[in-house]
Amino acid sequence: GAGETAGGADDDDNTAGGAGDHDAAGEAGEDDTAGCADDDDTGGGDEVLLGAEDVIASAAADADAEAEAAALVDAAAGHARACAILATVRDRLLPPLYAHMRDPKTDGARVAVAVAVLKLLKLLPPRALVAQLKPFLMRLVATLGSRDKGVRARGREALGMVVVELGPEHFR
């Protein structure tokens, strides 16, 4: 009972920020280290503490290395997934959308579809957007060569809406 009160109460006060011996001796970490070194006449306590610190530091370094390796694996998996999504959009989604941009009755551009395709393109990474922007714009510009005034008017309307949607940063 008495040993618990003397040793346990001080430890509890130190860890809880109480007013025991903690105020007189400094921080709790200093008390623990100083107490181990003074109790051992040979100084072996310091070696044990240093050995334990090395083991803890090594384990922390190993944990950091494992965390970094896991993060790299996750990043590589994420990159592979992003590449697969980009390839699917480019190869399977965009061609039918490009075909749907052209009205089969008039050979003109469907303005709403062109703007929707552009909004999809803007979701792509910058390099993919730049790569896909030229073919997209060329499809719209091709409608301007039509003999039909209505087709040309819809082509101009689509290009105007595309320019507004893209913004000035794409026209340097």
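Predicted model: local features only at pLDDT ≥ 70, side-chain atom pairs only at ≥ 80, totals over all residues.
Residues are numbered from 1 along each chain as its sequence is written, and side-chain values use heavy atoms, with hydrogens and water left out. The chain has seven helices and zero strands; helices (H or I, at least four residues) and strands (E, at least two) are DSSP runs, numbered from the N terminus.

**The chain overall**

- Going along the sequence, the pattern reads α-α-α-α-α-α-α.
- Of the chain's 172 residues, 20% count as buried; that label means under 20% relative accessible area, with exposed over 50% and partly exposed in between (1.4 Å probe, protein chains only).
- Take the contacts (heavy atoms within 4.5 Å) in the chain with a separation of 6 or more: residues 24 or more positions apart account for 46% of them.

**The aromatic pair**

- The structure holds one aromatic pair.
- Its rings belong to Tyr98 and Phe136, with centres 6.4 Å apart and planes at 35°, so the pair is tilted.
- For the cut-offs, rings of Phe, Tyr and Trp (its six-membered ring) pair if their centres lie within 6.5 Å, and planes under 30 degrees apart count as stacked, over 60 as edge-to-face and the rest as tilted.
- Distant parts of the chain get linked here: Tyr98 sits in helix 4 (residues 44-101) and Phe136 in helix 6 (residues 126-142), 38 residues apart.
- Tyr98 and Phe136 are both buried.

- Helix 5 (residues 111-122) has 12 residues and should span 16 Å at 1.5 Å a residue; its end C-alpha atoms are 17 Å apart, which agrees. The expected span is 1.5 Å times one less than the number of residues.
- Its buried residues are Val111, Val113, Ala114, Val115, Val117, Leu118 and Leu121.
- The axes of helix 5 and helix 6 come within 10 Å and cross at roughly 170°, which makes helix 5 roughly antiparallel to helix 6.
- Axes are lines fitted to C-alpha atoms, for helices over the stretch in contact, and angles run from 0 to 180 degrees between N-to-C directions. Angles under 35 degrees count as roughly parallel, over 145 as roughly antiparallel, 65 to 115 as roughly perpendicular and the rest as oblique.
- From helix 5, Ala114, Val117, Leu118, Leu121 and Lys122 make the contact; from helix 6, the partners are Leu129, Gln132, Leu133, Phe136 and Leu140.

**Single residues worth a click**

- Val115, in helix 5, is buried with a relative accessible area of 12%. Val163 is 48 residues from Val115 in sequence and 9.9 Å from it in space, C-alpha to C-alpha.
- Val141, in helix 6, is partly exposed at 38% relative accessible area. Its C-alpha atom is 7.0 Å from that of Gly155, 14 residues apart along the chain.
- Thr143 lies in the loop between helix 6 and helix 7 (149-166) and is buried, with a relative accessible area of 3%.
- Thr143 and Gly155, 12 residues apart along the chain, have their C-alpha atoms separated by 5.5 Å.
- Leaving aside neighbours within four places in sequence, Thr143 is in contact with Arg102, Asp107, Gly108, Ala109, Val151, Arg152 and Gly155.
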